Amino acid sequence: MDFQFTLESFDSIYADWKKVQDNTSKSSIFSSPEWSKVWWQHFGSGAKLCLGAVRRQGKAIGIAPLAVKGNVASFIGNSDVCDYLDFVVEPGEEEDFCSVLLNNPANDKILRLDLAPLRPDSTVLNSLTKVAQQQGWQVSCSQEDVTVELDLPALWEEYLQLLSGKQRHELKRKLRRLDEEGELNYRASMDANQHDIDIFLKLFQDSRQDKAAFLTSKVEAFFRAIASAMAEQGLLRLNILELDKKPVAATMCFDYKDTVYLYNSGYDPDYGWLSVGVISKALCIKDSIDRNKKRFDFLKGGEAYKYHLGGHELPLHRCSLSYAG
């Protein structure tokens, strides 16, 4: 077969990347060209861009979005703001893609691939590790976290029946109690306007000390930029829960294909006794069901509320591949 490996820029590869991304059902928003470009602009300093495309007779069959430091290549992205990452490959082309990637001349100075976080259905775990071992690479993979997701039924009442009796009763009780406290309004903002982004960031920062510490000026700039970039793609859904016109909780979500990603959230701790944080996420699930989405992705981390709301966990892995030639 006439294979070719080319090094690209974000602009030169965009159309091919977008096409391959759209063709594979297991690709995530975190490996999209838009997300990767924003991440690179905010966090790529100190690394060399190694944005590769594998082509068969001129047609792109896969994209390798990598950043190189020294002789180690990692995905464009990191686990702090990208919940899982992977190569972007046309279905059925995984093994050819991996073989060409590992044999390309640009790899002369790359002695190790450090790849994470990886879902169980990733190209890395299912194809690259096997091809790499066949070519003499040393492969080491280990679990480093979990992600939690929920398959959505067609109706809210069907969703409630998926919960345990205790959790169903608790959720209904919390919804009823909040409704009795005042006038509720749950609204979605999709244009990344500064007012609503400011509301979200304040609630995010106020809700927990670790979130406040995480929200450095660089992370805040990234959050604002990624919200804007996703809004331009029609993917942003910033949900704000108001009680008597006061914002008390918010979720930043992204619609991608048939999945809603719960990217981050925050709430006013003065209203914690009303469980506004959990309720805002339950209403987000209800909104996703009403819009006929098929999956709700709570994303990385094993927080208890995700399981209480019906989620099931999947392991996330890290793989290190070292060239032994």
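Strand E11 gives the most to the lining of the largest pocket, with 6 residues. The model is predicted: local features need pLDDT of at least 70, side-chain atom pairs count only at pLDDT 80 or more, and totals for chains, interfaces and linings use all residues. Residues are numbered from 1 along each chain as its sequence is written, and side-chain values use heavy atoms, leaving out hydrogens and water.

The largest pocket is lined by 31 residues. Nearest its centre lie Arg 208, Lys 211, Tyr 263, Asn 264 and Glu 303. A pocket here is an open set of points on a 1 Å grid where a 1.4 Å probe fits, with protein on both sides within 12 Å along at least five of seven lines; lining residues have an atom within 4 Å of a point. By class, the lining holds 12 nonpolar, 9 polar and 10 charged residues.

Helices are DSSP runs (H or I) of at least four residues, strands (E) of at least two.

The protein chain has 11 helices and 13 strands. Its radius of gyration, 21 Å, is close to the 20 Å of the globule rule for 325 residues, so the chain is as compact as a globular protein of that length. That radius is taken over C-alpha atoms; the rule is 2.2 Å times the number of residues to the power 0.38. The C-alpha trace spans about 65 × 40 × 30 Å along its principal axes.

Conventions. Nonpolar A, V, L, I, M, F, W, Y, C, P; charged D, E, K, R; others polar.
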